[in-house]
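Visitor: I would like to learn how to read a few features of a structure. Please show me the model.

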Amino acid sequence: MRHLIARTLAVAAALAATATAPVPAAATADCPRLTGRWHGDARTHLQRLIDERGTCAHPGGPRPVAAFDWDNTVTKNDVTDATLSWALRHDRILRPARWKDTSAWLTDTADHALTAACGTGTPAGTPLPTSRNARCTDEIAEIRESGTTTGGAAAFAGTWNHRRTVPQYAWVPALFAGRTPAELSGYARAARREALAAPVGAVRTLGTRTVPGYVRYYDQQRDLIRTLRRAGFDVHVVSAGAEPITQVWSRSLGLDAAHTLAIRSVLDRHGRITPRTEGCGGVPAGPGTAIPYLDGKRCWINQEINGVHGQDAWRQAPWPLRPALAAGDADTDATFVADATGVHLVIDRHKPELMCRALDDTDGRWLIQPMFIDPLPRRTDPYPCATAAYNAPDGRLTPLLRPDGSTVPDQPDTTR
């Protein structure tokens, strides 16, 4: 708490010293400039933020934070899914002694489905032949994708805070239990080479399913991150993917491990991945109850960037400690993107909680950008903001409220 107070006072004092002074023309002229095509006037607003908050306007001042989700925000398609696909096609998943060991929430039905599909002939702790066993691969992929078995039954059950975790996300790192982070990084590098070499629009067969076969960095996001860093911003990634995988992809943008936050597995005494994940905000290490997901992304930003621990990490930080810019594409990003003080950047994938906040635009700082590759068509029905856009902790969909407690009305899609 002492660290939080000291940093808050220091940042607040620096901001107060410059808040009333106009940004000198010479300073803004020398600030790094964005390139590339953006929707509407988004580039203008982003450049203004860079000019006004960057260290070129405030030399010697504090470095403002910019925070980005990764999958489908910085890249087109999901890099953790690309790595899991590669691992399944190259027999890199070790058979657990019991599938129930991979998640505290895995149902008996899912355990039986995985056991039946993957068999028991492979000794525990040795690679499953998933490249040749389409039924096993299909079962794993379906549970990861939908949270259900191939038979349509719920794969996870029990109690969890739906704003802090989703079991099928936490399940993916657990599938690599017994491997080391270095091995998982190697799989991610191989998957990255494969996905970047595939043409845009490529698909591949995984088991009997058809899945995306390519990944691309969005050129505009790559340029934005590069420009923010040149302008003195402290840029971080906060993702609900597996941390070793996300780090492989973020490294090419100049972001090191300390600036890449994702699901962090607990390692055993031999340095191997376990099904447990590290916790946040006073939540201890466990089965994945506090991953960087929805409110969990705020917690991880507060804990790892601001040094705020315990219950305070779940609360919205004081204005000077919040990201100046935050970018995301899904409801999983809604909390930390809304926390931003300068620009809330949304990549439009028609996700209700995030899009309701963006279209309501209560502070005039929300920017909506259609996907840079294969953007979605305009949604024909309004978003159900007033009835079923908020993802409640118990899993229900309820009305979305503004900070003042009023209900966000249903919002038509006006982004095209």
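Visitor: Which cysteine does a disulfide join to C31?

Guide: C56, with an S to S distance of 1.8 Å. A disulfide here is a pair of cysteine sulfur atoms within 2.5 Å. By this rule the count comes to 4 disulfides. The model is predicted: local features need pLDDT of at least 70, side-chain atom pairs count only at pLDDT 80 or more, and totals for chains, interfaces and linings use all residues. Residues are numbered from 1 along each chain as its sequence is written, and side-chain values use heavy atoms, with hydrogens and water left out.

Visitor: What is the handedness of the link of C31 and C56?

Guide: Right-handed, with 90° about the S-S bond. C31 sits in the loop between α2 (25-30) and α3 (42-53), and C56 in the loop between α3 and β1 (65-68), so the pair ties together parts that are 25 residues apart in sequence. Helices (H or I, at least four residues) and strands (E, at least two) are DSSP runs, numbered from the N terminus.

Visitor: At what angle do α6 and α7 pack?

Guide: Two packed helices are described by the angle between their axes and the distance between the axes. For α6 (residues 134-146) and α7 (residues 167-175), the angle is about 145° and the axes are 8 Å apart. Axes are lines fitted to C-alpha atoms, for helices over the stretch in contact, and angles run from 0 to 180 degrees between N-to-C directions.

Visitor: Which residues make the contact?

Guide: From α6, I140, I143, R144, E145 and S146; from α7, Q168, Y169, W171, V172 and L175. Contact means heavy atoms within 4.5 Å.

Visitor: How many cavities of 30 Å³ or more does a search of the whole structure find?

Guide: Rolling a probe the size of a water molecule over the atoms shows where empty space is left. Here the search finds 1 cavity. On a 1 Å grid over the protein atoms alone, a cavity is a set of points where a 1.4 Å probe fits but cannot get out; a pocket is an open set with protein on both sides within 12 Å along at least five of seven lines; lining residues have an atom within 4 Å of a point. The largest cavity holds about 50 Å³ of space. Volume is the space filled by probe spheres set on the points, which are joined across faces, edges and corners.

Visitor: Which element gives the most to the lining of the largest cavity?

Guide: α11, with 3 residues.
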